[in-house]
Amino acid sequence: SCYASQVCNCSSVGLDSIPPGLTAKMTVLNLAHNRIKHIQSQDLQQAVNLRALLLQSNKICSIDEDSFQSLVKLELLDLSNNSLAHLSPLWFGCLFSLQHLHLQGNSYRDLGQSSPFSSLRNLSSLHLGNPWFSVIRQGNFEGIGLLHKLWIDGSNLSQYEQGSLKSIKEINHMIINIRDINIFSEIVRDLLHSVTWLEVRRIAFSIPAEMQVLRVISSSFAKKISLRKTLLTDATVPEIASILEDMPKLVELELVDCRLLGTGQWKMQIQAKQSQTLRVFTIKKLSIEEFYLFTDLQAVEGLLSVFTRVTVQNTKVFLVPCRISQNLRSLEYLDLSANLLGDLSLEHSACQGGWPSLQTLNLSQNSLSDLEMTSRSLSHLGNLIVLDISQNNFGEIPDVCEWPENLKYLNLSSTRIPKVTTCIPPTLEVLDVSANNLKEFELQLPLLKELYLTGNQLKTLPGAAPIPNLVALSVRRNKLNGFSKEAFESFRRMELLDASDNNFICSCEFLSFIHHEARIAQVLVGWPNKYVCDSPLAVRGAQVGTVHLSLMECHRSLVVSLICVLVFLVILLLVAIGYKYHMVWYLRMTWAWLQAKRKPKRAPPKDICYDAFVSYSENDSDWVENTMVRELEQACPPFRLCLHKRDFVPGKWIVDNIIDSIEKSHKTLFVLSEHFVQSEWCKYELDFSHFRLFDENNDAAILILLEPIQSNVIPKRFCKLRKIMNTKTYLEWPAGEEQQQMFWFNLKIALRS
């Protein structure tokens, strides 16, 4: 199905080999997560325009040397998580355009004696290594001059030849997963002047004596250091801080998902040299097992004055000591989201003199509950412009609050606010109160330019007069059901309206008004709006002037009404046709047939109770009960007859009674007359016999013609009855007594046969 497509996705389809028939039209081929073991020379010969080849998570253990020879335009090759035991330079010899190569997760132990990448002059990112990767030799990276990203998984790396990575002149981002500090130190020595961002994973800095080996890092020109999933202790933190302070160009330090054993009781005082370059410090998800015993960090106060951006996310911070806040004199950006700050602890953290230069503060996902107290605690921050206090639990908010005088952006989304009040500062230019329970918005905000009201309970647009400078409005996922021209006319400056996921009912004239008069540059009104002016495919994100409306969009009510009338007429027609052509009868017959099919063709001999089941019309009951029954049941030997009046089981469904009686009788006697073919229940009895007994080779049915019947009187649907009456002998009740004696004789013979 993807032969004619430029992008072919054959991932996770159980392929054992590369499928044949690849064409030159393909630019992307995804064969990941299959069971491919071998790549042969001819497999990819025709895919000469391939740009991306994804082969990760297969079982590839061998590749022919010229398998990739025709892929001169290939830019991405992913061979990760396979079973390659070695890497051959011949694989990559013709991949002159290759930019991204992923080789991690295989089983090779080294990269060979020379460089497998020497011909990859345009290589931008290289990912290699695995749990068995143990040796890096000099010359393994020859031919690579510049890399945007180099990722080495060397968790069990045990041998590194000095100078192996020195041939790479510039690496923007180096990621190394390593455990051996001595090997790590040797690698860093080769990267002192080439790496801009060094990211170290899964290393343990736990022994102070080992830190001397890392002194070489202090000479590195790296601008950013990241420690991810790293172990730190109280004993090694001061040593690491001392090393990082000496780095001449270090701007940013990042700790992600690390673990600290200790409580901040440093065994030696950290000397406050105040790095001249370090400005950004980020901590995300730092695990401190005894965080509640952590000290006030007095030892590092002197290091803090240079930071301009600090992020401490998801680290169980419940308090920032006042002295720490006061020492963050240059801080412009502070992110304390996803922590445990409460109203009282925030008041202490944002003490007088703390964070004097702060412009952006993120306190989302904390334990704040009093908006008045929160605003008062931050009111002295004269430079604060952006404040995010979303995903807290404020609930009801007061009418009066004290805010920073220059606050322009406020995020109060998901804070369970039932109603906005004049507590909201009038200085705002951007306000986000999404995902609350607001039913109205009537604030006077003369400077407001952007308003986000997504996910509330609004039924009407906010008034335009109190917010005359509004440029962008988002009212997605509310309960808006209409606009008035007057409401829209006042939003003369608006450039963007996102009103999707509502229940609008308006006219096409309204959309025309938006286009020609209201000057709104972009209207987003998309599915699932019940919006007469909305075309879900054409309107969402489209310029209003480009929208062309269909009859359905302009006259939805009329079209829906016409469809309902047509559906009703079709149903009425089907009912009439069904009645005329006995559709109900056919449905009943199908159900009865299915019931009968579940039972055996004939009952076992021991279950046969009657010589014959008699099927007759109620209008013929006098002849049946007073003449035929008396003659047969008083014969010698007597016949046992099954009559519905006498032998049907009371309370049992009549259809089951009919089927059981036919099955438990040797024969079935049909007393035919014009009354019989008009009787509804006689039809059923005849129907079940029709299904189970009327076979040209079956004589279980005996027909008695009580009176002459015209052929056209018999219902046409009983075609087999017509055929049997035309091809087999039936007994006809005679008028004379002499003929009647012969009739009884023949009938008894038939019953005993």
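Cysteine 258 is buried in this predicted model, with a relative accessible area of 2%. Cysteine 609, by contrast, is partly exposed at 34% and takes part in no disulfide, the nearest cysteine sulfur being that of cysteine 642 at 8.8 Å. Across the whole structure, a search finds two disulfides, and the protein as a whole has 18 helices and 35 strands.

**Disulfides**
- Cysteine 322 and cysteine 351 are joined with their sulfur atoms 2.0 Å apart, and because the torsion about the S-S bond is about 95°, this disulfide is right-handed.
- This pair links distant parts of the chain, 29 residues apart, with cysteine 322 in helix H3 (residues 322-327) and cysteine 351 in the loop between helix H4 (343-349) and strand E23 (360-362).
- Cysteine 322 has a relative accessible area of 17% and is buried, and cysteine 351, at 11%, is buried too.
- Cysteine 401 and cysteine 423 form a disulfide with sulfur atoms 1.9 Å apart; its S-S torsion is about -95°, so it is left-handed.
- Here cysteine 401 lies in the loop between strand E24 (386-388) and strand E25 (409-411), while cysteine 423 lies in the loop between E25 and strand E26 (430-432), 22 residues apart, and both cysteines are buried.

**An enclosed helix**
- Nine of the nine residues of helix H2 (residues 237-245) are buried, so the helix is largely enclosed by the rest of the structure.
- The cover over the buried residues of H2 includes strand E14 (204-205), strand E15 (224-228), strand E16 (231-233), strand E17 (252-256) and strand E18 (259-261).

**The five-stranded sheet**
- Five strands form an open sheet with parallel pairing in the order E32-E31-E33-E34-E35; strand E32 (641-642) and strand E35 (731-732) each have a single partner strand, so one side of each is left without a neighbour in the sheet.
- Strand E34 (residues 701-705) pairs with E35 over two bridges in the parallel sense, and leucine 731 in E35 is the bridge partner of isoleucine 704.
- Helix H12 (residues 621-633) packs on the sheet, touching strand E31 (610-615), E32, strand E33 (665-672) and E34, and its direction makes about 145° with that of E33.
- Helix H18 (residues 737-752) also packs on the sheet, where it touches E31, E33, E34 and E35 and makes about 165° with the direction of E34.

**Annotated segment and overall totals**
- An unreviewed UniProt entry lists residues 558-579 as "transmembrane region"; in the model this stretch is 100% helix and 0% strand, with its end C-alpha atoms 32 Å apart.
- Of the 753 residues of the protein, 50% count as buried, and the protein exposes about 36,700 Å², of which carbon and sulfur atoms supply 53%.

Note on methods: Residues numbered from 1 in each chain as written. Predicted model: local features only at pLDDT ≥ 70, side-chain atom pairs only at ≥ 80, totals over all residues. Heavy atoms only, no water. Pairing = 2+ DSSP bridges. Helix = DSSP H or I, 4+ residues; strand = E, 2+ residues; numbered from the N terminus. Contact = heavy atoms within 4.5 Å. Axes fitted to C-alpha atoms, helices over the stretch in contact; angles between N-to-C directions. UniProt positions renumbered as here; feature names shortened; annotations may be inferred. Buried < 20%, exposed > 50% of the residue type's maximum accessible area, 1.4 Å probe, protein only. Areas by Shrake-Rupley, 256 points an atom, 1.4 Å probe, with all protein chains shown as cover. Disulfide = S-S within 2.5 Å.
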